[in-house]
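Here is a short briefing on one chain. Have the sequence and the model open while reading.

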Amino acid sequence: MKNQAYRMAMLFDFYGDLLTERQKEFYDLYYNEDLSLSEIAENYGISRQGVRDVIVRAEAAMTEIEDKTHIIRRFNQTRKIVGEIDAAADRLLKCVNDGSYSDAELDEIGRVIKENTAKLTQE
């Protein structure tokens, strides 16, 4: 269940702006506000099935876009790689700082790597 909730949150974060206003509203109420289909239906004066249909169409639309673009998959891969680069820079700087190496250029390389990975991981 946690994995499904995470997946739905990622889809909405990346592709939510491509949904209709109604789809965004119902999706947000259902997944983020944790309202039941019945509660949403009652608030909007429509059937529970109508709410479900809107949410299912929204999920299908966002899933289809991800299946075609793979943006979320690439985002997750990039985040993992940046983490590995950052860890390598930490190891490099540790070697320089603890005296294993005394090369100023290695220190500078490590700092540049760290600065750039920090920029990549910032919003």
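How many helices and how many strands does the secondary structure of the chain come to? The count is six helices and zero strands. The model is predicted.

**Overall form**

- From the N terminus on, the order of elements is α-α-α-α-α-α.
- The radius of gyration of the chain is 22 Å. The globule rule gives 14 Å for 123 residues, so the chain is more spread out than a compact globule.
- Along the principal axes, the C-alpha atoms fill a box of roughly 70 × 25 × 20 Å.
- Buried residues account for 25% of the 123 residues.
- The chain exposes about 8,700 Å², and 51% of this area comes from carbon and sulfur atoms.
- Take the contacts in the chain with a separation of 6 or more: 54% of them join residues 24 or more positions apart.

**Nonpolar core**

- In soluble globular proteins, nonpolar side chains tend to be buried together.
- The largest nonpolar core here has 18 residues. Leu11, Phe26, Tyr27, Val51, Ile55 and Met62 touch the most other members.
- Which helices each supply at least two residues of this core? They include helix H1 (2–15), H2, helix H3 (37–44) and helix H4 (48–69).
- Ile55 touches Phe26, Tyr27, Tyr30, Tyr31 and Leu37, leaving aside residues up to four places away in sequence.

**Aromatic rings**

- A pair of aromatic rings is described by the distance of the centres and the angle of the planes.
- With ring centres required to lie within 6.5 Å, the count is six aromatic pairs.
- One of them joins Tyr27 and Tyr31: this pair is tilted, at 4.7 Å centre to centre and 40 degrees between the planes.
- An α-helix has 3.6 residues a turn, so residues three or four places apart point the same way.
- Is Tyr27 buried or exposed? Tyr27 has 1% relative accessibility and counts as buried, because the cut-off for buried is under 20%.
- Tyr31, at 27% relative accessibility, counts as partly exposed.
- Tyr31 also pairs with Tyr30, and that pair is edge-to-face: 4.9 Å centre to centre, with 85 degrees between the planes.
- Tyr30 is partly exposed too, with a relative accessible area of 29%.
- Ring pairs link Phe12, Tyr27, Tyr30 and Tyr31 into a cluster.

**A buried glutamine**

- Gln23 lies in helix H2. Its relative accessible area is 12%, so Gln23 is buried.
- Which residues does Gln23 touch, not counting those up to four places away in sequence? Its contacts are Val54, Arg57 and Ala58.

**Helix H5**

- Helix H5 (residues 71–97) has 27 residues. At 1.5 Å a residue, H5 should span 39 Å. The end C-alpha atoms of H5 are 38 Å apart, which agrees.
- The buried residues of H5 are Ile72, Val82, Ala89, Leu93 and Val96.
- Gly99 follows H5, and the phi of Gly99 is positive, near 95 degrees.

Methods. Residues numbered from 1 in each chain as written. Predicted model: local features only at pLDDT ≥ 70, side-chain atom pairs only at ≥ 80, totals over all residues. Heavy atoms only, no water. Phe/Tyr/Trp six-rings, centres within 6.5 Å; stacked < 30°, edge-to-face > 60°. Buried < 20%, exposed > 50% of the residue type's maximum accessible area, 1.4 Å probe, protein only. Helix = DSSP H or I, 4+ residues; strand = E, 2+ residues; numbered from the N terminus. Expected span 1.5 Å × (residues − 1). Core = buried A, V, L, I, M, F, W, Y, C linked by side-chain atoms within 4.5 Å. Contact = heavy atoms within 4.5 Å. Rg over C-alpha atoms; globule rule 2.2 N^0.38 Å. Areas by Shrake-Rupley, 256 points an atom, 1.4 Å probe, with all protein chains shown as cover.
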